[in-house]
Amino acid sequence: MSTEVADVVIVGAGPVGLMCAYLGHLCGMRTVIVDKSDGPLKVGRADALNARTLQLLELVDLFTELYPLGKRCNTSSVWADGKFISRQSSWWDELEGCLHKHFLMLGQSYLENLLDEKLGKRGAGVKRSTTVDNIELNKKGCLTTLSNGEKIQSSYLIGADGSHSFVRHHFKIPFKVIRPQIVWAVIDGMIETNFPKVPEIIVFQAETSDVAWIPREGDIDRFYVRMDTKDFSIPDAIDKINHAIKPHTLRFKAIVWFSQFSVKESVAEKFFVKDRIFLAGDACHIHSVNGGQGLNTGLADAFNLMWKLNRVMNFDIPAELLQSYEDERRPVAESVIETSGELVRSTKYSQNGTHAQDYVKIVEKRAGNITGMGIRYGDEGLCGSRLFDVEIFNGIVKTRLYSLLNYTKFTLLIFGDDEVNLSLPKFIKVIQIYSNKCQASYWTDSSPYMNQAILVRPDSYIESAAPLDKVASLFKLTIDIK
Ligand SMILES: Cc1cc2nc3c(=O)[nH]c(=O)nc-3n(C[C@H](O)[C@H](O)[C@H](O)COP(=O)(O)OP(=O)(O)OC[C@H]3O[C@@H](n4cnc5c(N)ncnc54)[C@H](O)[C@@H]3O)c2cc1C
């Protein structure tokens, strides 16, 4: 059997592997993606796309198809003894530079199916019912042997193969797991209730706070129920729901998905091996589902990694750029674990017996992680911050800044009326955005970046910024122009 040649082999076609393959394909890479399953997820698992993920999806033309399928939700409320206690959404409402200030409640399967279909149509579909027998590092990169005997020589390999990652084990990357002995049930289904149902995330205060009610797409509702033991039945979990919402009652007309999970927390000691093998998503970070961050963090890994591989592979940029994947994403993974860990423990332990209120306060305090909008690379200043999305006009047509970005390129945004003449390589798209209404040109009167040149990375974080008369300095200081 001859050896297939590819740029990147991706092990695992969950949402993160599929996104890596999709982004790689957009960048013109030859990708091979394999998965042990016979098809994308049909039901269950992650349930919410956060505001940052929605922005990232806009960058790569996935937003329009997914957005109408979900339900918007940016409100958390607390109930106790059958009574409404409080409702909060300030951390969403106050978000700057963002159009969609809410979660999109939408099951993971919708994203997986869309990506799976798009890859199939591009002739880069997933090799299903296939695992990996061996991965060998060699001079050209990685030689992967699949379970069907096929061999693939690639420059890079990504392990997006979930929490039990074969790739992580194969390269003996330490992954010390903490188990706080907290077990949850998750039930998705159609319900009948006399509770005054609203599409909000509701946490219930009983003796502790062991039930959360999550709105979902269509006519589905989700319940997370803390059981504290692995030995329970679905009726046991439903009893707990009825206890928490007393004096109201609830019954499931149909259950579409049920799962039990024991909370485990870990971040892989390394996110890559010898500039060739990378881990992304659950393969390198696992934590409790509280805060809905698993899928969102994994997708952000994919957006961080793939443009860097593109630059090194196709633009002769030194491989050191790849180190920044771990430097940037590992601290994010650690902060996500702190957030979800604090949230999950607060459902059980509370100094004042106010678990549910405590929970919402933690959500507020850690909103940067939960909305995704607080994630930045580097400590302060514009450099490393996410680009704010603002309303701009093309002549009289209203649009958004993010609609101008392109994941396969850097974008140099010139905000202001001074003309700047630069001769830049093809991988930098230059867009001037004037401050005044200018027929047939981009303009805005609401940008925080006026009279500045902002160099934006493909994943829409700011690489560097300078006043307009110093725009040339951006290139000497930051990126090698080849
Ligand atoms: C049971 C369960 C319930 C969850 N519930 C929630 C929830 O309620 N809310 C929430 O926010 N998050 C939830 N999560 C977490 C969320 O689903 C993950 O964070 C997200 O799926 C991460 O995506 P991923 O692509 O990194 O990994 P995964 O989605 O795990 O995908 C990994 C893929 O790799 C494939 N694979 C594994 N090993 C191999 C191999 N050796 N060869 C080939 N393919 C392989 C698998 O078939 C899978 O398709 C849940 C996870 C699990 C497992």
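Asp81 is exposed, with 10 other C-beta atoms within 10 Å. A residue counts as exposed if 12 or fewer other C-beta atoms, placed from the backbone, lie within 10 Å of its own, as buried if there are 20 or more, and as partly exposed in between. The model is predicted: local features need pLDDT of at least 70 and side-chain atom pairs count only at pLDDT 80 or more, while totals for chains, interfaces and linings use all residues. Residues are numbered from 1 along each chain as its sequence is written.

Asp81 sits in the loop between strand E5 (76–80) and strand E6 (83–88). Helices (H or I, at least four residues) and strands (E, at least two) are DSSP runs, numbered from the N terminus. The phi of Asp81 is positive, about 50 degrees, although Asp81 is not a glycine. Most residues other than glycine have a negative phi, and most peptide bonds are trans. Asp275 also has a positive phi, of about 60 degrees, and is not a glycine. The loop between strand E17 (272–273) and strand E18 (277–279) holds Asp275. With 17 other C-beta atoms within 10 Å, Asp275 is partly exposed. The peptide bond that joins Lys246 and Pro247 is cis, with omega about 5 degrees. Pro247 belongs to the loop between helix H7 (234–245) and strand E15 (250–262).

Helix H7 itself has 12 residues, which should span 16 Å at 1.5 Å a residue. The expected span is 1.5 Å times one less than the number of residues. The end C-alpha atoms of H7 are 17 Å apart, which agrees. Buried residues in H7 are Ala237, Ile238, Lys240, Ile241, Ala244 and Ile245. Seen down the axis of H7, they fall within an arc of 155 degrees, so they line one face of the helix. The arc is that of the directions from the helix axis to the C-beta atoms. These buried residues pack against strand E11 (183–193), strand E12 (201–205), strand E13 (211–215), strand E14 (221–226) and E15. Contact here means that the C-beta atoms of two residues, placed from the backbone, lie within 7 Å.

In H5, the buried residues are Gln108, Leu111, Glu112, Leu115, Asp116, Lys118 and Leu119. Their arc, seen down the axis of H5, is within 165 degrees, so they line one face. The face turned away from this buried side carries the exposed residues Gly120 and Lys121. The buried residues of H5 pack against H1, helix H3 (63–66) and H8. Gly123 follows H5 and has a positive phi, near 75 degrees.

The chain is divided into domain 1 (3–71 + 101–176 + 268–371) and domain 2 (391–477). These bounds come from an automatic or database domain assignment. The C-alpha centres of the two domains lie 29 Å apart. Domain 1 gives 11 residues to the contact, and domain 2 gives 9. On the side of domain 1 that touches domain 2, helix H1 (15–26), helix H2 (51–59) and helix H8 (294–314) each give two or more residues.

The ligand is surrounded by 32 residues, the closest being Gly12, Gly14, Gly162, Gly281 and Gly294.

Definitions and conventions
Near = placed C-beta within 6 Å.
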